[in-house]
Amino acid sequence: MSDTVISVENLSKQYHLGVISTGTFYGDIKRRWARKRGTPDPYLKIGEADYGNRDGETIWALRDIDFDVKRGEALGIIGRNGAGKSTLLKILSQVTAPTSGVVRVKGRIASLLEVGTGFHPELTGRENIYLNGAIMGMTSAEVQGKFDEIVDFSGVEQFIDTPVKRYSSGMYVRLAFAVAAHLEPDILVVDEVLAVGDAEFQKKCLGKMQDVAGEGRTVLFVSHNMAVIQNLCKRSILLESGYIRLDGETSSSVSRYLSVDQSHNVFSPDRNRRIGDQTTKIETFTVWPNPPRTGKSVEFIFGISKPSTGNTHENIDLAVAVLSQQDSPIFQLYSRHMGQSFSIGPGETIIKVSIDSLPLAPGNYHINLWLGSGSTPIDWIQDCFVLAIESGFFEGGEYIESKGYPVLMKSKWNVVRGNTGQVDLE
Amino acid sequence: MTIHESMITHEEWDLIIRPQRSWWDLRLGELWRYRDLVRLFVWRDFVAYYKQTILGPLWYLIQPVLTTLVFTVIFGNIAKLSTDGLPPFLFYLAGNTIWSYFSGCLMSTSNTFTANAGIFGKVYFPRLSIPVSVTISNLISFAIRFGLFLAFWCYFLLMGSEVRPNLWILVLPALVLMMAGMGLGLGIIVSSLTSKYRDLQHLVSFGVQLLMYATPVIYPLSSVQGIWRWLLIANPMTPVIEIFRLAFLGTSSLNPSYLFYSAFFAVIVFFIGVLIFNRVETTFMDTV
């Protein structure tokens with residue numbers, strides 16, 4: 001008996017573009033009619049990114065995927081938005097069926113695609129633990145046996161008999177992760193859960209996942225956070241346009257992923273990484289000049305829309321967060337830090353934020369955008385923009401090399417004592 | 001390659017995911033393994049119904065009493081429809097009690113896919129557990145309403161009304177099963193069809209109401225003659241309601257053997273429903 005616990009063979013998944021998704025029979029007829037006359041499809045969304053895996057009216061989200069996973073292995077799955085990561089996880093967790101191919105699994109598979117799935121807001125924390133456990137396939141007796149451990153891990157024991165609708169979002173996520181982490185499945189599938197929660201809790205989750213992997217159980221982990229992937233997984237699969245581009249050591253997959261050409265300085269939000277009710281929505285985001293240069297002034301311009309029916313939204317804060325390619329935070333431009341917030345009425349609003357001297361070394365950076373009110377996100381979009389910066393002169397000095405340090409700061413240099421004179425590089 | 005393949009086929013796999021399951025792979029055993037989940041869903045539906053309400057579980061009683069009162073005033077006192085000589089209040093309460101179970105099952109299972117798309121898109125569990133649990137939690141509210149009916153029934157019995165209960169009372173469990181089968185079966189057929197086109201959903205909401213008038217809920221079958229009578233009997237809910245009134249109130253103009261027709265219909269509809277539901281559940285996330 002071999003150690004393989006997941007075997008994926010020739011797995012493909014095809015989606016129909018739109019044809020079935022107008023939602024009403026009337027819509028479908030309208031679309032067919034438009035096609036017959038050669039006019040554009042009235043339901044096609046404008047500006048949808050084309051990942052090159054489209055084939056007429058269908059899109060191959062996955063194509064001929066083959067891989068095996070051994071017992072106790074932690075496998076990372078990386079790739080750009082639309083590369084097929086989520087589709088792969090959905091098939092593995094039986095949310096949708098593949099178009100062709102076979103997946104064979106040994107043991108119980110549990111997926112943490114989004115924590116808190118199936119929580120009922122009116123029920124208390126205690127009741128939701130039982131319900132959530134059952135949804136994930138545990139019997140009530142199993143949950144009972146682990147109940148104290150779950151509550152302990154979540155750190156919400158004070159509020160365990162309060163309806164979860166009164167929980168803060170942090171408590172909610174902690175409780176949900178705690179239930180999932182104590183499932184003890186043979187195979188755990190995790191997708192981006194760590195994007196939420198505070199740093200301490202993220203550490204706790206990572207530790208728990210490392211424990212799970214250490215106990216001989218198998219973990220499949222999808223993330224945009226390269227640092228976490230490198231930390232947790234020895235082996236990673238790089239997906240590109242539905243194909244496996246590379247299957248091997250995490251370090252080589254990650255560097256391959258980072259070196260692949262990305263569309264730079266273009267707003268490309270991923271709807272799976274958008275949080276908030278979007279009653280006021282970021283429609284466009286541009287940078288000027290394009291490309292921006294180190295040390296030169298730069299403007300970020302938000303195009304914000306709000307349906308004409310709603311009331312004016314008061315106290316809206318905006319933020320542009322700049323992260324490294326490994327997704328470590330570098331700095332953010334936050335309107336509240338400047339004591340400013342905006343009221344946004346129906347229609348279109350353009351707001352820009354500018355800095356006089358861009359203090360970043362040349363290279364690529366990721367951007368998260370925030371539109372919210374206080375700590376409540378209304379439209380919070382992660383990793384939606386690759387900021388590519390070209391070299392320039394910083395504060396009159398010559399820009400030579402950053403040696404890995406991304407931030408440049410204006411500073412004054414004087415000889416206080418000594419025999420040297422000061423020579424300006426200019 | 002051949003060695004590798006033969007190894008795979010000889011190993012024990014717990015789960016094999018393929019593009020389409022066969023029509024007959026209903027996975028009912030899996031539903032049984034998730035019975036704790038069904039139980040929790042039932043309890044959740046029941047509890048969440050009256051959380052943060054002042055009257056709490058009383059709401060299960062207020063709705064049938066008010067509906068029956070309105071029926072009594074409008075159809076009994078104003079329209080003066082026949083009630084086969086029975087006390088109008090009891091007559092309408094009987095009809096309403098029975099009808100609301102069937103319509104409740106049908107309405108609340110008919111949006112299974114669209115209402116649960118969020119959770120279905122995140123995690124796998126036997127999809128059938130949702131409509132099954134809804135049917136059971138409707139059974140609880142039916143039991144409460146039936147208790148209410150029994151209370152009034154006893155009152156009218158003691159007051160010496162023209163109410164003649166008989167041994168047909170024993171078929172009550174079968175009547176309930178038939179309604180559950182029909183409501184659940186029709187509901188999941190509709191929900192399977194609406195995962196792609198929403199049009200049917202609009203039909204259901206008023207269709208159920210119209211169907212009530214095509215069923216002897218607010219009038220006895222005896223008041224309808226000729227071709228219309230046959231059309232009414234073709235409605236498989238007609239025998240269920242008529243036999244219920246025959247059992248508890250003692251009047252019906254229908255031959256009880258028509259019950260076999262209802263039972264047959266319930267089994268067929270339930271079976272077709274499960275088949276279609278099973279077919280749709282594997283890929284509905286792509287079209288919902």
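Which elements of chain B each supply at least two residues of the lining of the largest cavity? In this predicted model, local features need pLDDT of at least 70 and side-chain atom pairs count only at pLDDT 80 or more, while totals for chains, interfaces and linings use all residues. Residues are numbered from 1 along each chain as its sequence is written, chains are lettered from A and ligands numbered from 1 in the order in which they are written, and side-chain values use heavy atoms, with hydrogens and water left out.

The elements in question are α2 (28–33) and α13 (258–281) of chain B; helices (H or I, at least four residues) and strands (E, at least two) are DSSP runs, numbered from the N terminus. A cavity is a set of points, on a 1 Å grid over the protein atoms alone, where a 1.4 Å probe fits but cannot get out, and lining residues have an atom within 4 Å of a point. Three cavities of 30 Å³ or more are found by this rule. With three residues, α2(B) gives the most to its lining. Among the lining residues are B:Leu28, B:Tyr124 and B:Glu281. By class, the lining has six nonpolar, one polar and five charged residues; Ala, Val, Leu, Ile, Met, Phe, Trp, Tyr, Cys and Pro count as nonpolar, Asp, Glu, Lys and Arg as charged, and the others, Gly among them, as polar.

The second largest cavity has about 50 Å³ of space. Its lining includes B:Trp23, B:Leu275 and B:Thr282, and divides into two nonpolar, four polar and two charged residues.

Between the chains, 52 residues of chain A are in contact (heavy atoms within 4.5 Å) with 42 residues of chain B. The two chains bury about 4,100 Å² between them, 60% of it on carbon and sulfur atoms; buried area is the accessible area (1.4 Å probe) that two parts lose on being put together, summed over both. Zero salt bridges are found across this interface, a salt bridge being a side-chain nitrogen of Lys or Arg within 4 Å of a carboxyl oxygen of Asp or Glu. On the side of chain A that touches chain B, there are 20 nonpolar, 20 polar and twelve charged residues.

How values were computed:
On a 1 Å grid over the protein atoms alone, a cavity is a set of points where a 1.4 Å probe fits but cannot get out, and a pocket is an open set with protein on both sides within 12 Å along at least five of seven lines; lining residues have an atom within 4 Å of a point. Grid points are joined across faces, edges and corners, and a volume is the space filled by probe spheres set on the points.
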